[in-house]
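Me: Could we go through the helix packing in this entry? I would like to begin with contacts.

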Amino acid sequence: MLEEIYAREYRRVFATLVRLLGDFDLAEEATQEAFAIAADRWRAEGLPSNPRAWLVSTGRFKAIDSIRRRARFDQQLQKIAEQLEQHPEEDYDVVDDRLRLIFTCCHPAIAPSIQVPLTLREVCGLRTEEIAAAFLTTPTTMAQRIVRGKAKIRGAGIAYKVPEQEELPARLDSVLSVIYLVYNEGYSSLARTDLSLEAIRLARLLVELLPDPEALGLLALMLLQESRREARTDAGGDLILLDDQDRSLWKADLIAEGLALVGAALASPSVGAYALQASISAEHARAVHPQDTDWDRIVALYDLLLRADPSPIVQLNRAVAVAMRDGPAIALPLVEALLQPLSDYHLVHAVQADFYRRLGQPVQAESAYRKALLLARQEPEKRFLEKRLSELSISDRAVRQLGGGEEE
Amino acid sequence: MKYLLLVYGEEGLLNEDEMQKCYQESTRVCEKLDQKGQFLGASPLQPVALATSVRVREGRRLVTDGPFAETREQLGGYFLVEAGDLDEAIEIAAQIPGAGWGTVEIRPVVEQAGLPRK
């Protein structure tokens, strides 16, 4: 029971306390104390009627205590204590404090390389080690970045607030990209469904606050991806490609919501990168069987997407769609042109390997799969690539044995 | 919070007329800030040709001609303002005419206790 409340409420209580106390470290300490007291008190007395409000109020009192003890030495703390006493009680649930916190962590005065880790740490509660692993850096480096971000917020006086309506569009871009990174962290490392759901929840809040077409597009994109979560792995946790998925496992309610949002996003005068990615995902969702997929339309959508986001990753995805429409022989040169800019990205090698495999060139396929395997980080992806490799060598050996037979 | 807004720009970029216009607009910004109780001080600075740098090393005073660092963009003026948070300070900085042709650097001020008040 307490574990469940802990999982659900910890970051919310923390975010509210950050706003009330105006300090990350103080809020972290107060949140921990509030949960420690709750663990004792609730076991004996049962749950309060509103656990979140109880936790916030307990954390706040603990913080006031601790500030009073330290205030004698620190002027800034004295100010916080005075402010806290001036505004004793308030409605804690009006605006989601985590949304404020995201805007704080994604403030343009904070370096982009710090915004994402800071959000993952402070809003989503990931451990520094997890974030470091996701960014392929050491926990020490990551901890320094997070500390630098928090120091900038405190020292430069970055407010804990959602920006004014007129600033909102300009501030939205970085928030959207951070939310999508959080989603992907939860989608690619399969164990973290909670992170993906968190990202979806934050996007819903954002859409409520500002029905910007790109916010709608991002929410649609995540819902459509999420609809396939069950279908994309087997019982052993191995990846199943889109074509081989049991489409009856796709979540109809998420698809319906996603498709409606795509419609709304596309109806706006300016269509951005998230809305286009969502439209591509929607084409898959609409196809009852893989052979129903409208690859013509998907390639056309990728062409539009390339105009909004001319990145090599988008080009790689487009090449995969071209291979589906025109065959791997036509798409192979498109991927080869991307080997240089994406040399460290496992999927460029995996796609190349797949094209060679489909073209019946196992030797080239094997070498490309090996490169992909060296660069892949997620276990399910590694297992998938290993499986493909072993299938290759089986058929390869079969070919060689046949050849050997002829020589004898 | 107090913020120092430092206006950096290329010297000689503005001609005499443009410079006068810049001063007038800056004065209006200061008046507006003053009405909101946010104005603490402001001034344009003479060119770096008139700058003198002083260092004291091992008790010896070293005085040199010129600014702290020779760069293309130089400090040309400052505003000291009171703002609720960084967004408010950014809002003020964006109104400073110098932001249109140079760069305004926002520096939060350390509120040092025990300094004489004027």
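**Helix packing in chain A**

Reply: In this predicted model, A:Leu2, A:Ile5, A:Tyr6, A:Glu9, A:Tyr10, A:Arg11, A:Val13, A:Phe14, A:Leu17, A:Val18 and A:Leu21 of α1(A) meet A:Phe24, A:Leu26, A:Ala27, A:Glu28, A:Ala30, A:Thr31, A:Gln32, A:Phe35, A:Ala39, A:Trp42 and A:Arg43 of α2(A); contact means heavy atoms within 4.5 Å. Helices are DSSP runs (H or I, at least four residues), numbered from the N terminus.

Me: At what angle do the axes of α1(A) and α2(A) cross?
Reply: They cross at roughly 140 degrees and come within 9 Å; axes are lines fitted to C-alpha atoms over the stretch in contact, with angles from 0 to 180 degrees between N-to-C directions. The two helices are therefore oblique to each other (under 35 degrees is roughly parallel, over 145 roughly antiparallel, 65 to 115 roughly perpendicular, the rest oblique).

Me: Where does α1(A) bend?
Reply: The bend is at A:Glu9, by about 50 degrees, taken between axes fitted to the seven residues ending there and the seven starting there.

Me: Now α6(A) and α8(A): how far apart are their axes?
Reply: Helix α6 (residues 112-122) and helix α8 (residues 139-156) of chain A have axes 9 Å apart and pack at about 90 degrees. That makes α6(A) roughly perpendicular to α8(A).

Me: Which conventions apply?
Reply: Residues are numbered from 1 along each chain as its sequence is written, and chains are lettered from A in the order in which they are written. Local features need pLDDT of at least 70, and side-chain atom pairs count only at pLDDT 80 or more.

Technical notes: Heavy atoms only, no water.
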